[in-house]
Protein chains: 2
Amino acid sequence: MNTTAKNSTRVSHQQLSDFIRAAFLSQGLSEADATEVGTLMADADLQGSDGHGVIRLPQYIRRIRAGGINIHPQIRVERERASMAIVNGDNGMGHLVVSRAVQLAISKARETGVAWVGTRFSNHAGPASLYARMPLQHDMIGIYFAVGNANHLPPWGGMDMLLSTNPIAAAVPAGEEPALVLDMATTVAAYGKVKAKAKRGEMMPEGWMIDRKGNALLDPKRADEGFLLPIGGHKGYGLALMVGVLAGTLGGAAMGREVIDFNADHKSVTNTGQAILVLDLKAFAELDPFKASVDKLIRDIRGSERLPGVERIWLPGEQSHERRVRYLREGIPVADGVLAELKTLASEIGLPPLV
Amino acid sequence: MNTTAKNSTRVSHQQLSDFIRAAFLSQGLSEADATEVGTLMADADLQGSDGHGVIRLPQYIRRIRAGGINIHPQIRVERERASMAIVNGDNGMGHLVVSRAVQLAISKARETGVAWVGTRFSNHAGPASLYARMPLQHDMIGIYFAVGNANHLPPWGGMDMLLSTNPIAAAVPAGEEPALVLDMATTVAAYGKVKAKAKRGEMMPEGWMIDRKGNALLDPKRADEGFLLPIGGHKGYGLALMVGVLAGTLGGAAMGREVIDFNADHKSVTNTGQAILVLDLKAFAELDPFKASVDKLIRDIRGSERLPGVERIWLPGEQSHERRVRYLREGIPVADGVLAELKTLASEIGLPPLV
């Protein structure tokens, strides 16, 4: 999702979050909710998750206007034990629902060492790593699972798209080094990457998709004739299924045939499910030696011998960390195509344009 | 690891576990410990995890005789909170250490809904799914992570084998259907599969290994000139790293450069780390509707449209479930090559042969 846009305009994180905030305020969200969603969506762009940031704003607003999102949700805890909860999002914006779940998991983990909070009646909430990273500032580990909002993946050997790209994210604090942050779909390519290839008129590499005969599908413009492939074949299928069961079925959220394609259907309640697991480092280890051992591991890996032609070995989350630092200084590049869509949106809802 | 041995002899689960038990008794393990390890190792063969069952017995005995295993370990809880613990295995057999960790996690999850127990100073414990499955009989979900016992995986873009095949397993109860049980290495192929190809004189498919120039390595006899590949490229690298941090670093067990190659070194303390996460279903949902929704998901997937030439769509754990049922009835096939090694072992330690 991290396309380096050549034709783009840089905006500050503040400009971007203010614009998104204003858009949600115009649709009737409360000040607090609009501010929270605006900040989280701008945070997505800030780390280069540009397929999950402001680019989604027109779609979210369309869904709100179609009645597909509850703008005044009563987000509530439906089941609860010392180390777990299920949060019912009342069909509110996913960002609000998942943030609430993560905050609850953090406070529970502080008491018992470990906590798992699942959501139901949530919605699309942006990049998985946003939520896995939230516990970091409390010296906690975050592990996040979600059911994707459209099924593009059949079971291994099948053609019926019963599964989504169900992502996994995990964030582990380091000491002097940036935190380890993994954020991955369980398919070889996320569907957004296929769409980006189509937009640029490029072919896909073998291994991303197959057609209904099981042959490699290389032309992204023909994507609707085929399916995404899971990572590691049957392994990624199993992983996508388990992530879906944990984030969806376990909390009473949609999974399998119940999943709504939120790109095509703006109105039906998606009943999206996510789950966050939080581990409080202070329960597991002495903080400083633990962080030092993560730093050492990072440096061992970064400094290890490279294959011919490889310039640098990256750690998970390192590229998005560097982007965050650079974009805070230089501004976040927003592609011209996205700016044009945002301009149309702004005029429709009576706001000044972003730039 | 599930080779269908043509030249094999069938033994009952009881015969197999008795033989293993006797071998460990002969080395000084207590009755209770020898029985537990014997049962778990025979359970591995019973589900077809034949790379992790009795085939490992000669290696385990060699390690005990070299002083690399503590035969009278004081397995103890080193850190503890309501929902977590770190178990120090005192360098005992991994099967004993991990079983203890799982039992503790089950009792904690019963109280708080969720529990995470990590191990340190543990050892190789057999197939991951053995432990992820233990919570099933208590209507709980098990999720298991482990640091592999030899590094065969470099970081993405690298040549220095700092990572292992670090497996993930997850088991979710169903109703009338067999439980969903995923058990996967984070590499495309487990190292045992490479060894099996070499033994059979077969070439490996592209995608299993690369050589030090980054080219595909197809000849399994040249395996030591190259490295395993992670599933999904950089994704599997990130996943293997995170699993290692969670199962190893977090509990103070070996990770990265600290990992001992237990195939080559029979004496050094491996300080193996594993972690089990247990979720008590009763905290999350009403049991019957939950199980019915898992059954429905399983049947939707099994009955879904297949690619041309595909005879059946399998669920994770379904093949090992069917094998378990069949082998209980017909006996467990033990390959002639393995039987020969066990015969040599038996005569060395003064036991009657298995068959």
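A residue counts as buried here if 20 or more other C-beta atoms lie within 10 Å of its own. Keep that in mind as you look through these close-ups of a predicted model.

**View 1. Strand β6 of chain B sits inside the structure.** Have a look at residues 168–172 of chain B, which form strand β6. How many of the 5 residues are buried? The count is 5 of the 5, so the strand is largely enclosed by the rest of the structure.

**View 2. The two faces of β6(B) are both covered.** In a regular strand the side chains alternate between the two faces of the sheet. On one side of β6(B) you can find B:Ile168, B:Ala170 and B:Val172, and on the other B:Ala169 and B:Ala171. Every one of these residues is buried.

**View 3. β6(B) pairs with strands β5 and β7 of chain B.** With β5 (residues 140–146), the pairing is antiparallel and runs over 4 bridges. Look for B:Tyr144, which stands opposite B:Ala169 of β6(B). With β7 (residues 180–184), β6(B) again pairs in the antiparallel sense, over 5 bridges. Here B:Val172 has B:Leu180 in β7(B) as its bridge partner.

**View 4. Chain A meets chain B.** In this view, 58 residues of chain A are in contact with 58 residues of chain B. Elements giving two or more residues to chain A's side include β2 (76–81), β6 (168–172) and α9 (287–302) of chain A. Which element provides the largest share of that side? It is α7(A), with 7 residues. Sorted by class, the side of chain A that touches chain B has 34 nonpolar, 15 polar and 9 charged residues.

Methods. Residues are numbered from 1 along each chain as its sequence is written. Chains are lettered from A and ligands numbered from 1 in the order in which they are written. This is a predicted model: local features need pLDDT of at least 70, side-chain atom pairs count only at pLDDT 80 or more; totals for chains, interfaces and linings use all residues. Two residues are in contact if their C-beta atoms, placed from the backbone, lie within 7 Å. Ala, Val, Leu, Ile, Met, Phe, Trp, Tyr, Cys and Pro count as nonpolar, Asp, Glu, Lys and Arg as charged, and the others, Gly among them, as polar. A residue is buried if 20 or more other C-beta atoms lie within 10 Å of its own, exposed if 12 or fewer, and partly exposed in between; C-beta atoms are placed from the backbone. Two strands pair if DSSP finds at least two bridges between them.
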